[in-house]
Amino acid sequence: MFEDMTEQQAREQILGMVRDYCRKYHKKDDSYTIGDRIPYSGRVYDEAEMVNLADSALEFWLTSGKYTDMFEQKLAEYLGVKHCAFVNSGSSANLIAFMALTSPLLGSRAVRRGDEVITVAAGFPTTAAPIIQFGAVPVFADVTIPQYNIDVSLLEKAYSPKTKAVMLAHTLGNPFDIKAVKSFCDAHGLWLIEDNCDALGSRYTLDGVTKYTGTFGDIGTSSFYPPHHITTGEGGAVYTDDPLLAKIIRSLRDWGRDCVCRSGCDNMCGHRFDKQYGELPLGYDHKYVYSHFGYNLKATDMQAAIGCAQLEKLPFFTEKRKRNFSLLHEMLSAEDDDRLILPQACENSDPGWFGFMLTCGDNTDRNAMVRYIEGKGIQTRMLFAGDLTKHPCFDEMRKSGRGYRIAGTLENTDRIMNKTFWVGVYPGMTDKMLGYMGETIIEAVKECSG
């Protein structure tokens, strides 16, 4: 088949066939029949992602390469940050972001075992897990309803002389009160990590300047798992403007090595064999010098290839999420029903919503509502852990009374655990789907309230 072709001609023919294959067999059917399953999220893609994926596969470089470089550069440009590292998941991104703060290169500002980090229990576990795994102490503060982010009035109560950092997520794309949190961190000299995994594309205005969430703190993280704002299959990113933190982040991602050469490159610094490191022999190969206890958390170039195509669609995805959220909010607001609390955007924010959160009133049975809605073909989700401290992974710590601290009570967190759920607003939803969702939720409130 390729006998009379150059490699480039053969590649072009293969990619052309992949493009045609995707158009024919992966074309999304936008028709919707009432009662069809409506997932809370899903992949939205076309032939661009599949062609990029095939192009990367034909190169067979497999690990990070040209597409990784391109993806990191394009994501950094989109966010307006200086440094970006592509990793294999959003959870890995959170792990690296936190562990970067423990680096000895940070001197007295490094987080040590026993130091405290302020966060919330109402969220995804891998925001807090790295803190515990390292041996630092998470301090859980309550959240507000209906913003579902940290109650900033509790920050000072959560603070102690051991506090070194704040690590918070922007819940379901709704930015937390960045002005208050950043002011608190600046006043006490604390690090701020923004878990931006559910909020890529969300914006916040601080002192008249509007920026993307994830770029206000010292480090931001993203997830590219299929339900998120863009996808690379599995994948995530860590980003920062701080060159020292960027160096630490790459070291931790790449086995903890001191060398900054990219995959497949050697001796970029020109001093591979002529320096002294630790107590190693003079001139020991810098490619195998380790300045941190790191990991291998790199993603593949094939994932990055998909990400490059997805990034081109991100502005559209974000606007579609906002529109879907607005349509559903308008429909449910018209009911003026106090049996259901609707989500509310943080002041000074422009959320790129990940989902539509709903909290049931005192006389409305959340579990019955969820069963009713799911029975009508609409997928629902809890706010992840609900109250993380109630989970089995905390059993030993609860028994011992050590390992974490709660600032005040978690009253709203526990209310969310018992009364809150959410539905999707992802870009693949049609107006007909949203209309059916709204009608079903209204029916469910009436059916499931006392």
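Me: Two strands pair if DSSP finds at least two bridges between them. What makes strand E5 (residues 191-195) and E8 a pair?

Reply: E5 is joined to E8 by 3 bridges, and the cut-off is at least two, so the two strands count as paired. Their direction is parallel, and Ile-193 has Ile-219 in E8 as its bridge partner. The model is a predicted one, in which local features need pLDDT of at least 70 and side-chain atom pairs count only at pLDDT 80 or more, while totals for chains, interfaces and linings use all residues. Numbering starts from 1 along each chain as its sequence is written, and side-chain values rest on heavy atoms, with hydrogens and water left out.

Me: What makes E8 a strand, and why is E8 called largely enclosed?

Reply: Strands (E, at least two residues) and helices (H or I, at least four) are DSSP runs numbered from the N terminus. E8 covers residues 219-223. Buried means under 20% relative accessible area, exposed over 50%, and partly exposed in between (1.4 Å probe, protein chains only). Because 5 of the 5 residues of E8 are buried, the strand is largely enclosed by the rest of the structure.

Me: How do you know that the cover on E8 is on one face or on both?

Reply: In a regular strand, side chains alternate between the two faces of the sheet. In E8, Ile-219, Thr-221 and Ser-223 are on one side, Gly-220 and Ser-222 are on the other, and all are buried. Both faces of E8 are therefore covered.

Me: What makes E1 and strand E9 (residues 236-240) a pair?

Reply: E1 and E9 are joined by 5 bridges and run antiparallel; with a cut-off of at least two, they therefore pair. Phe-86 stands opposite Ala-237 in E9.

Me: Why is strand E1 (residues 83-87) called largely enclosed?

Reply: Of the 5 residues of E1, 4 are buried, so E1 is largely enclosed by the rest of the structure.

Me: Why are E7 and E11 called edge strands?

Reply: They belong to an open sheet of 3 strands, with the order E7-E6-E11 and antiparallel pairing. Strand E7 (209-212) and strand E11 (349-350) each pair on one side only.

Me: Is Gly-352 buried or exposed, and how do you know?

Reply: Gly-352 has a relative accessible area of 0%, so it is buried. Gly-352 sits in the loop between E11 and strand E12 (355-360). From Gly-352 to Leu-190 is 162 residues in sequence and 27 Å in space, C-alpha to C-alpha.

Me: Is Thr-409 buried or exposed, and what is the value?

Reply: Its relative accessible area is 52%, so Thr-409 is exposed. Thr-409 is placed in the loop between strand E13 (405-406) and helix H12 (411-419).

Me: Why is Tyr-288 called partly exposed?

Reply: The relative accessible area of Tyr-288 is 46%, so it is partly exposed. Tyr-288 is located in the loop between helix H8 (243-253) and helix H9 (301-333).
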